[in-house]
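Trainee: I would like to go through this chain and ask, for each label, what it rests on.
Mentor: Then ask, and set each value against its definition.

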Amino acid sequence: MNCLIGQSGGPTAVINSSLAGAIQAGIDFDFENVFVSLNGIEGLLSENIKLVDKDLFEKENANERLRKRPSSILGSCRFKLSDDLKDWQYKKIFENLKKYEISTFVYIGGNDSMDTVMKLNSYIEKNKIDWVNVVGCPKTIDNDLCEMDHSPGFASASKFVNSALRQIRLDCDIYPIKSVTFVEIMGRNAGWLTATSYLANYKRKKDIVNLVYLPEDKKSLDDIEKEIKEKFKEDNNLLIAVSEGFMDKDGKLLNEKQKSFDKGFNHPIIAGIGLKISDYIHDKLKVKTRSVELNIVQRTSFLISKTDSDEAYQLGYLTIKYGKEKTNLVPILKRENSKDYKVKYSTTKPSNIANKEKKIPQEWLESREILKEKITNYTLPLIKGEIYQEFIDGIFDYIKLEDFTKNN
């Protein structure tokens, strides 16, 4: 009885916390071998698979060190399985699962990765396979996974974003001339992460972030110009957070964003909206403007929320615990209705998450004051606590894959 774990999609700061939880559960539940697949489902297809050395895992304190290591240590992919269950990919995948005597396969990922988990389970059902369980483990900084209160990785990304915004503000305020700094934050269709920029204002007498623009907003460039003029009555130096997926309602910026597409699920890779709005405001208001693009560091920062890491670890652990007995499930978490922050864990089917997006509730967007209150109360408990990092000679250091794995 062996288990296999893979990681897929965009990285997060706590995706390895889920990996640590799954590996530890594999050891605790007496799996003979714990294997890891490099580059997700692609590694399973090509047999790019390594064995976790249980003795090294303990000796190198890998359980704890993985929780300090951001981004996907196993590598990743954006490989979309065919909709045709007769495709050669499925036969090859299950041949390799059989070859390595895998009884539980855990796939850590977001919306698209749950599409993979869903399709593999469709193949299992169609072919009446009873020797392997395939389960998913959730993650994404976008916080757009359905069925759960929040997504692992979101809180740590928010912790980084808000720390960065406060640092940027320190630079913005040093000059007496009028200025506008736009900070572009990840979020293609859902503005959760950008909305949490309001946390930068928490317990500050003066606003750190003055305005926020989300993909869910229906605003024209004229609206933005007017709002900036109004904010200049309060402050000479403005800091504005904008989602990478924001688009003015008239579509004037539609062809102005830099865009490419990932292979596999064909999602647009977008960037540059902050710079375009910055140029527009500079031309219109004749003030100093600047655009700062936080980009991929938002998902690989070593500034990790301990709450986020703890929850990601637990979800990883549960994938093996539940996946040992059942297939076609994803562990999820939901917030309890209590005075103090608590979550409870349950499961859902991957089909309830795959290819779906959870956006900010419409009632939160009725006014910016409502959004500030709601997003602050929602996110603040999630970012609490720190994972203290390792430094060697003053430089950030982290665990390597070879520290706890070996070739088969």
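Trainee: Why does the radius of gyration of the chain agree with a compact globule?
Mentor: The radius of gyration is taken over C-alpha atoms, and the globule rule is 2.2 Å times the number of residues to the power 0.38. For 408 residues the rule puts a compact globule near 22 Å, and the chain has 22 Å, so the two agree. Along its principal axes, the C-alpha trace spans about 70 × 50 × 40 Å.

Trainee: What kind of model is this, and how are its residues numbered?
Mentor: The model is predicted: local features need pLDDT of at least 70, side-chain atom pairs count only at pLDDT 80 or more, and totals for chains, interfaces and linings use all residues. Residues are numbered from 1 along each chain as its sequence is written, and side-chain values use heavy atoms, with hydrogens and water left out.

Trainee: How many helices and strands does the chain have?
Mentor: There are twelve helices and 16 strands. Both are DSSP runs numbered from the N terminus: helices are H or I with at least four residues, strands are E with at least two.

Trainee: What share of the residues counts as buried?
Mentor: Of the 408 residues, 59% do. Buried means under 20% relative accessible area, exposed over 50%, and partly exposed in between, using a 1.4 Å probe and protein chains only.

Trainee: What share of the contacts joins residues 24 or more positions apart?
Mentor: Among contacts with a separation of 6 or more, such residues account for 78%. A contact means heavy atoms within 4.5 Å.

Trainee: Why is Gly10 called buried?
Mentor: Its relative accessibility is 10%, which is under the 20% limit, so Gly10 counts as buried. Gly10 lies in the loop between β1 (2-7) and α1 (15-28). Not counting residues up to four places away in sequence, Gly10 touches Arg78, Lys139 and Arg299. An unreviewed UniProt entry lists Gly10 under "binding site"; such annotations may be inferred rather than shown by experiment, positions follow the numbering used here, and feature names are shortened.

Trainee: Which other residues does UniProt list for "binding site"?
Mentor: The unreviewed entry lists several, including Met186, Gly187 and Glu244.

Trainee: What makes Met186 and Gly187 buried?
Mentor: Met186 has 10% relative accessibility, so Met186 counts as buried. Gly187 has a relative accessible area of 1%, so Gly187 is buried too. Met186 lies in the loop between β6 and α8 (192-195), and Gly187 is found in the loop between β6 and α8. Leaving aside neighbours within four places in sequence, the contacts of Met186 include Ile141, Glu244 and Arg299. With residues up to four places away not counted, Gly187 touches Asp142, Pro215, Ser243, Glu244 and Gly245.

Trainee: Is Lys218 buried or exposed, and how do you know?
Mentor: Its relative accessible area is 66%, over the 50% limit, so Lys218 is exposed. Lys218 has its place in the loop between β7 (211-213) and α9 (221-231). Beyond its neighbours within four places in sequence, Lys218 is in contact with Asp223 and Lys249. Lys218 and Met247 are 29 residues apart in sequence and 8.0 Å apart in space, C-alpha to C-alpha.

Trainee: Why does Tyr175 count as partly exposed?
Mentor: The value for Tyr175 is 43%, which falls between 20% and 50%, so Tyr175 counts as partly exposed. Tyr175 is found in the loop between α7 (154-172) and β6 (179-185).

Trainee: Where is Gln89, and why is Gln89 called buried?
Mentor: Gln89 is found in helix α5 (residues 88-99). At 10% relative accessibility, Gln89 counts as buried because the limit is 20%. Apart from neighbours within four places in sequence, Gln89 is in contact with Leu45, Phe79, Lys80, Leu81 and Ser82.

Trainee: What is the phi of Asp30?
Mentor: It is near 65°, a positive value in a residue other than glycine. Most residues other than glycine have a negative phi. Asp30 sits in the loop between α1 and β2 (33-37), and at 61% relative accessibility Asp30 counts as exposed. Ser71, in the loop between α4 (62-66) and α5, has a positive phi of about 70° although Ser71 is not a glycine.
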